[in-house]
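Here is a friendly walk through one structure, from its salt bridges to its helices. Keep the 3D view open as you read.

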Amino acid sequence: MSLFQHISTTGYHRVTDEDQRRSLKIVNTLALVTALMAGIFGFGCHFMTRDLQLSAPAIIESLLLSAVILSNRFGKFTIAGLALILINNFSIQYYSAIMGRVTEVHLLFIFLVGLSLLIFEKDRYMRVLSIGLTIFAFLVGEINMYNGFITPVVPPEEHSPVQFVIRWVTIPSILILDLMVIYYYVRNMERQRKKEMLQVQQMLQTVKEHNRELEILTAQLAKATDAKTVFVRETSHEIRTPLNAIFGISQLLQLKVEQDRSLAPIRQLADHLYAASYNTREIINNVLEFSRIEAGKIDTPHLETLNVREWLEGIINMHQYVASVKTVRIKASVAEDIPQVISGDKMLLSKTLNNLLSNAIKFTAQESTITLDVFRDENKWCLQVTDQGDGIRADRLSTIFSAFVTERNIFLEGTGLGLHITRHLATLMGGDIKVYSVMGKGTTFTVHLPLEVPAETACGNDNDVDAELCSLTDTSILIIEDDKMSQMILSRFLSGLGSRILVAGDGMEGLLLAKASRPDIIILDSHIPGLSGKDTLAQIRADELLQHIPVIIASGDAFKENREELLQAGANDYLVKPIEFKTLQVMLSRYLRANAHP
């Protein structure tokens, strides 16, 4: 290692940080260079002028700058850096005063400011302090220059050879120092730029690695989500088959109780069985809907003509069975300014209102009234459900729409998904939902939805005709269903309405019976052994003798995709198990009436 390198790296053994070592080397190098320049200048002036005012301070400055290097050797880095700034400041102002305008000593201002930025790159306080001292010293020198407080040793008007030599020795030295600082500063900026680029490259590499990990994780999550969706779907289908039997039996019992007064003692049991199975059906529906939301399968609202009052009546009648178990009455009112017919997605609207009414029935008080109000708010229409329960605490209102958040009640337990799904459905239809609650008095949920009226509503309420039940006496109905319990329950209900029932256990048997008997309506399970429900439907629609017969799909698959697939394949309607008998009866009446009046 050369002597220069040895001096410039003095104190390295005390520092491990690369940036601090770089600052240390700059201080040592500039202290060495300025010490040499000051020493040469001092001895030169002594030999030329014998004037101690010019030579002595320069020699002293050289010794002091050498001490700066020694300070670094002993680990006094901050003191050494500040001393380098101060020594140069004092020296510059001294020679500026005694030499006047013979030299352009003030040009070293650039050197000192740049030196402050280099040495104290990471120490903001010391950087401000050293630059402040430099500016102060510069101003003091300028004030003395213009006011002449100190008389120059070398008058500017004297053009001696000594003055010429001093001027042309000092000016190049000043420029060399300025250039050194600029050089170090540029190198430092370049180093910082490379360092930042390296950091950016490392960050980009890290991001790429994280992206690869995220892609793998996303694929794993997608696979897990698909597996979970399949599991939920299959589990739901398996549960719906026995649930269909329980739900059907509860409805058959209710019908029996109505027909035979001697069975009145079991009326409450039948109602409780119906309410429990109905609630179980709603839980399964909500779990399926939540799994669809999590899987990102968002339904696009399908606008259709909807008779508001008839639609409300059908849903209220269905919920009134469950509410009657708590001796709860559902009271509905529709404002006069609500059109008879609107445009909306009946399925999404029904899910929304079902969840609100189910929630109200769970939490309202015994022997109370649930109020359903439908009214208009400018260009929106509102569904408002109010119960008379205990209310919701203020601290719970902010989380009530979150998934799996529910209050406990003694009537029916839920999953905490209903309100979460309801808010999702309201948003999907372009609306929103709000809640208002008073402790001890009850809670009100209000869904605001865009009001859209079909262009042609002059034909009146066609759906009222559909809502009328026609006689099923002497009607021939073919049931293609592999589950014996479902066969028995459906057959009993339809036989009780006077229908002639034909039952097939698979698709091929169903086709043979259909061709032999030409039934008025076919009820077809989508999941049957052998020939699938979809394939059976395709063959029915391809047969000239059978293609006119209405086919109602009865399926345990509640996914919208499956429903749309079978409707597009030729099914007239789609019922999800467990089947609501009243809904089935209305549906059968509609298609029988349509066939009777082509």
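Is Asp573 buried or exposed? Asp573 counts as buried, at 12% relative accessibility; the cut-off for that word is under 20%. Please bear in mind throughout that this is a predicted model.

## Asp573 and its partner

Asp573 forms a salt bridge with Arg590, and the closest N and O atoms are 3.1 Å apart. This pair links distant parts of the chain, with Arg590 in helix 18 and Asp573 in strand 12, 17 residues apart.

## A salt-bridge network

The structure holds 7 salt bridges in total. Glu481, Asp525 and Lys577 are linked in a network of them.

## A bridge between a loop and helix 15

Another salt bridge joins the side chains of Asp543 and Lys515, at 3.7 Å from N to O. Asp543 lies in the loop between helix 16 (533–542) and strand 11 (551–555), and Lys515 lies in helix 15 (residues 507–517), so the pair ties together parts that are 28 residues apart in sequence. At 15% relative accessibility Asp543 counts as buried, whereas Lys515, at 43%, counts as partly exposed.

## Helix 6 and the annotated transmembrane regions

Now turn to the other end of the numbering. An unreviewed UniProt entry places the feature "transmembrane region" at residues 30–48, 54–70, 77–96, 102–120, 127–146 and 166–186. Among these, residues 77–96 are 100% helix and 0% strand in the model, with end C-alpha atoms 29 Å apart. Residues 127–146 are likewise 100% helix and 0% strand, and their end C-alpha atoms also lie 29 Å apart.

The buried residues of helix 6 are Met126, Ser130, Thr134, Ala137, Gly141 and Asn144. An α-helix has 3.6 residues a turn, so residues three or four places apart point the same way. The cover over the buried residues of helix 6 includes helix 4 (77–99) and helix 5 (108–119).

Helix 6 (residues 124–147) also holds Ile135, which is partly exposed with a relative accessible area of 38%. Together with Leu139, Ile143, Phe149 and Ile150, Ile135 makes a nonpolar surface patch of about 490 Å².

## Leu306 in strand 1

Leu306 has its place in strand 1 (residues 304–307). With 3% relative accessibility, Leu306 counts as buried. Leaving aside residues up to four places away in sequence, Leu306 touches Trp311, Gln340, Val341, Ile342, Lys346 and Leu349. Leu306 and Val453 are 147 residues apart in sequence, and their C-alpha atoms are 9.5 Å apart in space.

How values were computed: Residues numbered from 1 in each chain as written. Predicted model: local features only at pLDDT ≥ 70, side-chain atom pairs only at ≥ 80, totals over all residues. Heavy atoms only, no water. Patch = residues over 30% accessible without salt bridge, like charges linked within 9 Å, V, L, I, M, F, W, Y side chains within 5 Å. Areas by Shrake-Rupley, 256 points an atom, 1.4 Å probe, with all protein chains shown as cover. Salt bridge = Lys/Arg side-chain N within 4 Å of Asp/Glu carboxyl O. Helix = DSSP H or I, 4+ residues; strand = E, 2+ residues; numbered from the N terminus. Buried < 20%, exposed > 50% of the residue type's maximum accessible area, 1.4 Å probe, protein only. UniProt positions renumbered as here; feature names shortened; annotations may be inferred. Contact = heavy atoms within 4.5 Å.
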